[in-house]
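Please read them with the coordinates open.

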Amino acid sequence: MDAAPVDAAPVDAAPVDAAPVDAAPTGAAVRATLPNGLRVVVIRDRLAPVVTTEINYLVGSSEAPQGFPGTAHALEHMMFRGSAGLDKDQLAAIGAQLGGSYNADTTENVTQYFYTAPAEDLGVMLRIEALRMRGLSLAPADWEKERGAIEQEVARDLSSPSYQYLSRLQAILFAGTPYAHDALGTRPSFDKTDAGLLRAFYEKWYAPNNAILVIAGDVDPAHAIAEARAAFGDIPRRDLPARSPVRPGAVTAQTLHFPTDYPVGLLTVAWRMPGATAADYAAAQILSDVLSSQRGALYGLVPAGKALFAGFEYAPKAEAGMGIAVAAYPKATDPAPLLAEVNAILAEIRRKGVPPELVEAARRKELAQLGFSANSISGLAETWSEALAVMGLESPDALGAALRRVTVDDVDRLARRILDPDRAVTALLTPEDSGKPIAGKGFGGSESFAAVPDHPVTLPDWAHAALATLTLPPPVGVPSVFTYPNGLRLIVHPAHVSHTVQVYGQVRQDADMQEPKGQKGVAAITDDLFGYGTQSLDRLAFQKALDDIAATESAGPGFSLAVLSPDFERGMQLLADNELHPAFPERAFQVVRMQTAQSYAGLLQTPDYLFGRAVKLAVSPADDPSLRQPDPRHVMGLRLADVRGFYQAAYRPDLTTIVVAGDVTPEQARAVVGRTFGAWTRPAGPTPAVDLPRRPDSRASRTQVPDRTSVQDTAVLAESLGLTASNPAHFALGVGNTILGDGFSSRLYRDLRVRTGYVYSVSSHFSWSRNRGGYSISFGADPDKVGKARDAAIRDVAAMQAQPVSDAELTLAKASLLRGLPLARASLDSIASEDLHLIGLGLPLDTPDLAAKAYYGMTAGAVQAAFRTWIRPGDLAEIVKGPAPMP
């Protein structure tokens, strides 16, 4: 594209409407309590024509029957297995046809069910939740099938060393209380659980007077409350049982040891902390922010070269919490010196108190984050749900008021009480090798491809009436787009839903293509060095400048800024200073080079890395640039001049796009970006090649990656495709993939989970770039079920080629995709991500509108033809990571 002068009219496209989305920030909540006790809270947010409903049942794993941890989690699963007036197939079909996202989570005190979908479908979403509250099916046969899937979920999490650590830590810190057991549950408890036990739990706790319904999005509050009253109003309230108290006793200092498959070692020091309902919760949040601050002593271990990473994590539950100081060290290194440093820092804070300036910085940060929640419709619903259902507050504003009241003395007092070495639980998570990948031949097992039966689902009348008609979504419109003389592109999305601005930038580059020969790793070092300040502000001064305006910023090939709107220009000055004038200090380079080499030395032996590499090897030719690996010895040979040379060659304005979204006008954004990034000079010479080359079709192979720490296998079936992002056939494949492997109503989910319980999760995925494509199926399963799951998956793929998909499936997929398109505009993050993704693929910004027309007119024949043309079931490579050899 030719460059346009800064003061010229926008190029690429003119803005459809430069007016703000809303003249004022998101309004206050509108509330109602129904006669049956259901509390309804509606927060209007006009960011996109989308709504999120989040129903919070005030019960979780803390109220599980004795000996049955995970009962609440099991019931959460069964909420998707049907209810009176809405069976499980209808629920899955409606969920898919809504085109949104729906899921749930279980904690110790709250179980949450959330839907995000087009705002016009609010009535359907509320009807679903009301039917589930009114009368869940809880059929024994359904539980027997769901039991297998939930046990797969348990196995997946038990394969994580961090999960094992956190479970053990929770058992120690909360011994003798309901919090001693993780909300997930255990296989033995699920083996003993039956449908009757689940029904008893449901009938005790799933009542309107034990629930809070939060509705956030582009809806009229009065109408939304009327819809909620119509859906839930006649459900009777229930008498609720007494709740189990959480009164943990004293903790004795101890040290735990865990083997891991991580690339680095981790040491942690943990304490019990206040819960989200505690009077000193706000002080605990600020203490956590102070301890994790990049200006703090704990993080200072990283630039000092004493730790690969260091920080502090606060995990509050409703009635208690835990705080964890964590530091990473190189594999095969003695952690004792680093542990002594961490303990000394924490002891000094306990003795002398926290820096007052960091308390103020933490307060500003937390208050700013409350404002940013309006920039995501689902995030807004989550923030309100957390405040009401978990913290027991009237609104997030009440948390803001509590944060404002916290003093330095409050934080110091809490630090003296919490950071007691006699009550600390120390843990060492030590890396261990799992072995080398093992190649095999072919798939083995059944080669027959049976047809998938067709089971059309008839929707209830109320759902059919709301969802039957397929319509094109509103056009996304083209944002304001400007190109500066240096080639930099600016995209502006005004959205006045909060007094904040979010900036996202992307420099198109690929280290595999651009790192000079013998300098693998120089891109990673360059990226890490952006955190060490600018030529005018050192690391600490730069971070203080961000703290002063409560901004968060990152620089590198992908850069970002989140800032309050009055400080937009100052934030952009800091972002540009970091991106265009990084300090790259010699001492920091030496530290980062050493840390990078140490990290690679551990990473190259981990099962996760070997698994990812095995997938790449299976679908790429031997000389493919993506197969280049770093060598820790070569990394240590890199010089600062190499970093500076890579930066000069790879960071270019003509390969950069900036998206500005939020409380800003196009003219303001163009002027500010012009003043801060407009002088960035485009290097002389040709534009570098940044896209991986085309690759030939891959062939079937079989690889096992051992992972001794896992109790479950992770499997990928993968192949390369010659199809690229610009080929319109990818629209037909997208429709087909929605039918085959995308979501709870897909064929793969139905055949590998619902009908058989082989897996906990399964999905299929297409990947596109400018020059290549790929196709994969992923699932997790017990080792003895991998072969059965694999064969079933291949049968489903072959069936897509053998006969056209049914009219019902096609209609469902088209509805899901068409209704799902507006959801990509439901947060500033997703708006910017979509823009940058399209720019990276070389596609126009109105591609969502082109996709909508393609989906709307799609035929079953076109889907079948696309799968026949591009997918090769016989060439799918199989890569498995897990604890045992493949059958």
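This is a predicted model: local features need pLDDT of at least 70, side-chain atom pairs count only at pLDDT 80 or more; totals for chains, interfaces and linings use all residues.

1. Gln-112. Gln-112 belongs to strand β7, which spans residues 111-118. Its relative accessibility is 9%, so Gln-112 counts as buried, the cut-off being under 20%. What does the side chain of Gln-112 join in a polar contact? The partner is the side chain of Glu-54, at 3.3 Å. Leaving aside residues up to four places away in sequence, Gln-112 also touches Ile-55, Asn-56, Asn-103, Ala-104, Asp-105 and Ser-385.

2. Salt bridges, overall. Side chains of opposite charge can pair when their charged atoms come close. The count here comes to 47 salt bridges.

3. Asp-410 and Arg-413. These two side chains form a salt bridge, with an N to O distance of 3.0 Å. Both residues sit in helix α14 (residues 408-418), three residues apart, about one turn of the helix. An α-helix has 3.6 residues a turn, so residues three or four places apart point the same way. Asp-410 is partly exposed, at 25% relative accessible area. Arg-413 is partly exposed too, at 46%.

4. Arg-423 and Asp-420. Here the salt bridge has an N to O distance of 3.9 Å. The cut-off is 4 Å. Are the two partners buried or exposed, or in between? Arg-423 is partly exposed, at 45% relative accessibility. Asp-420 is buried, with a relative accessible area of 13%.

5. Arg-772 and Asp-624. The side chains of Arg-772 and Asp-624 meet in a salt bridge of 2.7 Å, N to O. Arg-772 lies in the loop between β23 (759-768) and β24 (773-781), and Asp-624 in the loop between α21 (607-619) and α22 (632-636), so the pair ties together parts 148 residues apart in sequence. Arg-772 is buried, at 6% relative accessible area. Asp-624 is buried as well, at 5% relative accessibility.

6. A network. Salt bridges with shared partners join Asp-697, Arg-699, Glu-719, Arg-872 and Asp-875 into one network.

7. Helix α17. Which residues of α17 (residues 522-529) are buried? They are Val-522, Ala-523, Ile-525, Thr-526 and Leu-529. These residues cover an arc of only 165 degrees around the axis, so they lie on the same side of α17. The buried residues pack against four helices: α16 (511-514), α20 (586-603), α22 and α23 (640-650).

8. Strand β25. Six of the six residues of β25 (residues 877-882) are buried, so the strand is largely enclosed by the rest of the structure. Both of its faces are covered. Ala-877, Ile-879 and Lys-881 are buried on one side, and Glu-878, Val-880 and Gly-882 on the other. Ala-715 has Val-880 as its bridge partner in β25.

Key. Residues are numbered from 1 along each chain as its sequence is written. Side-chain values use heavy atoms; hydrogens and water are left out. Helices (H or I, at least four residues) and strands (E, at least two) are DSSP runs, numbered from the N terminus. Buried means under 20% relative accessible area, exposed over 50%, partly exposed in between (1.4 Å probe, protein chains only). A polar contact is a pair of N or O atoms within 3.5 Å; within protein, one must be able to donate a hydrogen and the other to accept it, and residues adjacent in sequence count only if both atoms are side-chain atoms. Contact means heavy atoms within 4.5 Å. The arc is that of the directions from the helix axis to the C-beta atoms. Two strands pair if DSSP finds at least two bridges between them.
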